[in-house]
Amino acid sequence: MSFSLAGKSILIVEDNPVFRKAMRDMLYSLQAVTVVEADNGIAAINAMSKSSFDIVLCDYNLGVGKNGQQVLEEARHRNLIDYRCVFVLISAEQTTSAVLGVMDSKPDEYLTKPFNAQQLMSRLTRNFARKEFMASIDKALAGGDLSKAIQLCDALLLSADKKMHLHLLKMRAELAISAGDFDKARQIYHEVLEHRELPWARLGLGVIDFQNNNIEQAIAGFQSLVADNPMLMECYDWLGKAYEALDQYNDVESVLQQALQLSPQSILRQKKLAEAADKNGNLETAEKAYKSVVKLGKHSVHRACSDFSGLAKLYAKTNAADEALKTLEEMRKEYANHPEAELRASTVEADVYKTLGNEELSQKALLKAVDICGRMGNKAPRDLQLEVVKTCFLSDEHDKAEEILYDLIHAHIDDEQFLNDLRRMQSGIGMDNHSEILIQKTKQALIATNNKGVALYKQGKFAEALALFEQAILTMPDNKTIIVNMLKIMIHDLKVNEFCEEKNQRIKALINKAKQIGVDQHKLGILQMEYAKLRQSQTAKA
Amino acid sequence: MQTNPKSNGLFPTILASTVHDIKNSLGTLLELVRQTAAKQDGQSAELNQLEFEAARINHSLMQLLVMYKVDSQKFSLDIEECPVIEIVDEAIHQQARLAGLHNIDLQVDCAADEMCYCDNAIISNSLAAVLNNALRYTHKTILIVVAEEDGYLTIAIEDDGEGYPPHFLGADLNDTAELDWVSGNTGLGLYFVSVMAGLHKNAGKSGFVQIDNESRLGGARFKLFLP
């Protein structure tokens, strides 16, 4: 074997000194020079923030503190390792992502203890070969250049490397979905399935159905897929999303329960379960799930202050006021000087003190919440703003409530799921249909603006159309429809009128804004691709 | 009275945790043996025996854990396309030390670009267990042959030893309800690989295993069929 570890910087993360020594010896026998060791998760994260590694060999079971999966999640989340790094997760038993509760971050390789130098060497060789093969695509993707990634992937597919062919096809289909090119993705999946029934291709077809809003069909596909592959955890997550799109929270809850029975370590899944059960009024399930979330969050990059306030709210609902206040106290300790945490805590407190009959403290907490909410403005998470509205209504602070509601409805008028949450909240406090008139009026205003803008655009009056939308966005900040329309007009403008740097900058800023406010990737992808093509032909001309 | 751990459903968790814990200790034990053996240049027969036994316990525990998951429906294969040579190499690497100790000549006949669809971790582990047996019973040579046969991919492991004893040859390995032959390490290993093969399905076909004494080297022949 010609592969050598000389020149590669390697991090070993292992709490057991015997294994640490074994791995170190093994690496030196493979000509490694730069070997750094960490005996716990925090030390590993610190090492990765100080220097960059080509290889991380990380044990799953690190004793107290973070486990190996949590180290990986944090390293990726904080960009401590990039696409070139080979991350190997080591464990004592044959593990799969399902067992470890992985939801969004898989290691490059799993290795079962004990292993010898030959095994390690062949795994590393294989991974480096694969990374090298895919490096150009990964680099383009890391730089956000979808269209270049697709070009490179197509070129590699033509190179007819038998070993990498299927891997490339999978990548190509995923790129097509990101670019909103569902026909291409569907064609690839069907081609793959003709040769072999592979779960990922079947899953891909379901995802396309979902994105095309054929939710019922997507659900049918996902259901038959999990029936045959009970450990395909991704599929449960998609099923949950699909039920959520249909507002069927009982089904969301049961599907997540099923997934968590098989794989209880996933904090993100536990959060979703807690929220769904809470919505369904199944307080016992929600409480249990929130407790797991708080516990799993202890060492996870996915922990959030809302985990604590979620649990506290549940205690409040079950009249366990003491527990609720205790949880909030714990939260304040963990999140000192954190406006969102303080806002969450005050909102729940207002509620709890009210049920305890302490009007004075309740009023004080509410005022504090309203004050922070006002200062945070749009930055306050919308679910939290809804909470504040609710508490205001319950405390007869109607003016304040309506003020926040007005902004919320304008900002999220085209998000039916959020509007449903809003309606649910109002029904919950006996105010059925309270905002219906405002919602309908706002919707009509949006439609009117859109029609007017599109009409101007069709007459070729791009500047006027854009000005109209600019105006509209002042009253409906973060409105996805308007942002997407503006992008469409600007891109069309580039097609018929001349290029200038100012327009480019503006488009880039709009794309970033669209990403920020959560425009669906595939909707944005189509526009990104179109823009990339225009830029290319422009540079070709120049 | 709640004294039976099964009654509150905790037993499976306890079983899995216990096996996990044993595996952890065993790993440390195995590593210490290796490190001690390395200091003595690997000359001690007792240490080699110790290492071999520890590796065997480790293998059995891994199989036990997988079978437990299959039984409690917490298992599904992770099917991917993979070069066959990588699977074979992984099995060989797992057994590299044993092969070196016994000075066995290991020959592989497999095209570099031969691909197959399977759960490669499960298949290479199963093959490693079979290979472990072959290494113990062969005299000098082991041959691993990959081929295609009737729409199946086959991986054969052949040796020049005494061959399988009659009670294995007479057994139907793929009838996992009839378990008379499942005893001892050889039997357990064969049972495991036969269950794992059976879980591999494609286009109405299931995987299976075959054993006989028709090795072209004169000893036992094991053959895995993947659909």
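**Strands, helices and a chain contact**

Me: Which residue of S2(A) is the bridge partner of Ile10(A)?
Reply: Helices (H or I, at least four residues) and strands (E, at least two) are DSSP runs, numbered from the N terminus. The model is predicted, so local features need pLDDT of at least 70 and side-chain atom pairs count only at pLDDT 80 or more, while totals for chains, interfaces and linings use all residues. Residues are numbered from 1 along each chain as its sequence is written, and chains are lettered from A and ligands numbered from 1 in the order in which they are written. In S2(A), the partner of Ile10(A) is Val35(A).

Me: How many bridges join strand S1 of chain A to S2(A)?
Reply: Two strands pair if DSSP finds at least two bridges between them. Strand S1 covers residues 9–13 of chain A and runs parallel to S2(A). The number of bridges joining S1 to S2(A) is 5.

Me: Which strands of chain A stand at the edges of the sheet?
Reply: In chain A, 5 strands form an open sheet with parallel pairing, in the order S2-S1-S3-S4-S5. An edge strand has a single partner strand, so one side of it is left without a neighbour in the sheet. The edge strands of chain A are S2 (34–38) and S5 (109–112).

Me: At about what angle does helix H5 of chain A run to S4(A)?
Reply: Axes are lines fitted to C-alpha atoms, for helices over the stretch in contact, and angles run from 0 to 180 degrees between N-to-C directions. Helix H5 (residues 117–142) lies across strands S3 (55–59), S4 (86–91) and S5 of chain A. The angle of H5 to S4(A) is about 150°.

Me: Is Asp59(A) buried or exposed?
Reply: Asp59(A) is found in strand S3 of chain A, and an unreviewed UniProt entry places "modified residue: 4-aspartylphosphate" there. UniProt positions are given in the numbering used here, feature names are shortened, and annotations may be inferred rather than shown by experiment. A residue is buried if 20 or more other C-beta atoms lie within 10 Å of its own, exposed if 12 or fewer, and partly exposed in between, with C-beta atoms placed from the backbone. Because Asp59(A) has 26 C-beta neighbours inside 10 Å, it counts as buried.

Me: How does His167(A) count, with 16 C-beta neighbours inside 10 Å?
Reply: His167(A) lies in helix H7 of chain A. Its C-alpha atom is separated by 47 Å from that of Lys333(A), 166 residues apart along the chain. With 16 C-beta neighbours inside 10 Å, His167(A) counts as partly exposed.

Me: Which helices do the buried residues of H14(A) pack against?
Reply: H14 (residues 283–297) of chain A has 15 residues and reaches 20 Å from its first C-alpha to its last. That is close to the 21 Å expected, the expected span being 1.5 Å times one less than the number of residues. Among the buried residues of H14(A) are Tyr290(A) and Leu296(A). The buried residues of H14(A) pack against H13 (267–280) and H15 (305–317) of chain A.

Me: Which element gives the most to the side of chain A that touches chain B?
Reply: Two residues are in contact if their C-beta atoms, placed from the backbone, lie within 7 Å. On this count, 26 residues of chain A are in contact with 33 residues of chain B. The elements of chain A that give two or more residues to this side are H1 (17–29), H5 and H7 (162–178). The element that gives the most, with 4 residues, is H5(A).
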